[in-house]
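Please take them alongside the sequence and the coordinates.

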Amino acid sequence: MNARPAIIPAVPGTPLIDLPAMGAAASGRRWRLREADAAVAAAIGASGFDPVLSRILAARGVGADTVERYLAPSLRDEMPDPFVLKDMDRAAERLARAVIDGETIGVFGDYDVDGTTASAILKLYFDAVGAASLIYLPDRISEGYGPSAEAFRSLARDGASLIVTVDCGAAAHEPIEEAARDGVGIIVFDHHQMSGPPPAGAEAVVNPNRPDDMSGLGNLSAAGVAFMGVVALNRALREAGWFRARPEPNLMSLLDLAALGLVCDVMPITGLTRVMVAQGLKILGAQGNPGLKALGARAGVKGAPSCYHLGFLIGPRINAAGRIGHARLAFDLMTTSDEARRQELAEKLHILNAERQEIEAEVQAAAQRDIEVHQRHADDVIVSAGEGWHPGVIGIVAGRLKEIYDRPVIVIGVDGGAGKGSGRSITGVDLGAAVSAAREEGLLTSGGGHAMAAGLSIEPSRIGDFRRMVNDRLARAVTLARANRSYDIDAVVAPTAVTKSFADLAATAGPYGPGNPEPVFALLDCRAEYIKIVGKGHLSLTLASDTGETARAIAFRAEGEALGEILSSGRRIHVAGKIRADDWRGGDAGQLQIADAAPAL
């Protein structure tokens, strides 16, 4: 059995207190205490765990008999046989034959974080087992998403007799069939939704979201599938005696790359995915991928790596390469053994990310003007399009607008006679399925995705028809999803609980993400003091209770928004958010990252 996690002493918190009456919250959502079985929480607490942590765990379905295993997730305990994935046996056998026979293996990856991390996993593994490989990452602007016949021909001309597509390929019927006719083998490692049969020319299509896959591993991103793929290939090579004369690679060393792909592709952090992310964060905090560590240092990552660091500091810089530069920069960072080159690439990605932020702000402002002028915020699904909007930032802008308007948003950048779009959804609304349906109806040139995100290509003349179609299809789902949404509070705490030690306590039930939400804490009946604007529209402030207790807090992008107005009102307020360590002040200092606020009544 795994060693029991250290028990952290109780901190000031009253997790079972009822929420008081309040005015309208900035988010428009109704606050409620997250449901948790009181008996289960008490049983966990009886084992010596802090009462706040006990409630957090009970609210996430953890029982007293599973708490220790949950708090110390082990890949050895949770890793399924990789061959439960449909076609994994065929993929592993063909890849093993290529390695043993000295074939050159091509890898065609996507240009986002998930695609580049999956490509890096394969490249590093192939290098470790002595296999020759070639990597092809398309240009987002000139080539777009997914494999093309020309890309496959390019890899074949350079010597690849077998090509693995990662984070794409499940819908690439024509390029794959053409490659097969030319005698090139194709293996697909993908995770996007499939509405029909796999490409007929592929030797194997490994996708946990293909209709006939019964593995139950639909939460894996492409990086997760690629990791499962190298586990399966490693076993096949071992059984073939490949490692009698050479050392076996350390597969665990690839988990930080898998974790980055999983987090940045917004996969549910539950089950196997949660374990892979937890172990990947440990790997990154120890030896870790040198490129990720260099980029993290340049991005200002301090302390033990977390999902926040992956999703908001490292991930955006990796993504900046594929969005406004070329994904090869990020791939090279993760795979180079040259320290000087690594530092150079980390700096380039940091600069590209700053440029990306400026472009993103311009596109977001233009999209918001379009939405307000045409009253698109009255639609259940917002579809906003504009000429010249950079296709490298439309996905990020869609995500920001989704948060502002609290409904699915699709942003389309039009360049001449072609439009490229990216969408982000809200929980409970399957945007990927709607986009796939629009493609099948002939409204889109191409398109697909998963529940929370989708991409598409469209002729500008069809945008109006597409807007009507997605609204007709998703109107009921959006209405139900928004009606049932609330802002769930895990515990009410005193200002003195806003400390690093309390943040560390809450983090023990992580890693957090979709499906395993990070705990939200409420501070009641306080006033916001010493408010000042920092950065680009962020509000830094101190929360003070009537008893004189205080806590430092920050509200990101709150200036001029409903949240900022409530915080600046001078009234008694209730606030809710996430407690994090304050690395700037150090020591045991903490900070509440305010996500919502409401007037106290």
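1. In this predicted model, Ser422 has a relative accessible area of 12% and therefore counts as buried, the cut-off being under 20%. Ser422 lies in strand β10, which spans residues 418-424, and its side chain makes a polar contact of 3.0 Å with the side chain of Arg424. Leaving aside residues up to four places away in sequence, Ser422 touches Ile394, Gly395, Ala398, Val409, Ile410, Val411, Ala454 and Gly455.

2. The aromatic pairs come to 6 in number. In one of them, Phe108 and Phe152 have ring centres 6.1 Å apart and planes at 75°, so the pair is edge-to-face. This pair links distant parts of the chain, since Phe108 belongs to strand β3 (residues 104-109) and Phe152 to helix α7 (residues 149-157), 44 residues apart. Both Phe108 and Phe152 are buried, and together with Tyr136 they form one aromatic cluster.

3. The rings of Tyr125 and Phe126 are also edge-to-face, because their planes stand at 65°, with the centres 6.4 Å apart. Tyr125 is buried at a relative accessible area of 1%, and Phe126 likewise counts as buried at 1%.

4. The second largest pocket has a volume of about 340 Å³, and its lining comprises 7 nonpolar, 2 polar and 3 charged residues. Helix α9 (222-239) and helix α4 (75-78) each supply at least two residues of that lining, with the largest share, 5 residues, coming from α9. Among the lining residues are Leu75, Arg76, Phe227, Arg238 and Pro249.

Note on methods: Residues numbered from 1 in each chain as written. Predicted model: local features only at pLDDT ≥ 70, side-chain atom pairs only at ≥ 80, totals over all residues. Heavy atoms only, no water. Helix = DSSP H or I, 4+ residues; strand = E, 2+ residues; numbered from the N terminus. Buried < 20%, exposed > 50% of the residue type's maximum accessible area, 1.4 Å probe, protein only. Polar contact = N/O pair within 3.5 Å; in protein donor to acceptor, adjacent residues only side chain to side chain. Contact = heavy atoms within 4.5 Å. 1 Å grid on protein atoms, 1.4 Å probe; cavity = no way out; pocket = protein on both sides within 12 Å on 5 of 7 lines; lining within 4 Å. Points joined across faces, edges and corners; volume = space filled by probe spheres on them. Nonpolar A, V, L, I, M, F, W, Y, C, P; charged D, E, K, R; others polar. Phe/Tyr/Trp six-rings, centres within 6.5 Å; stacked < 30°, edge-to-face > 60°.
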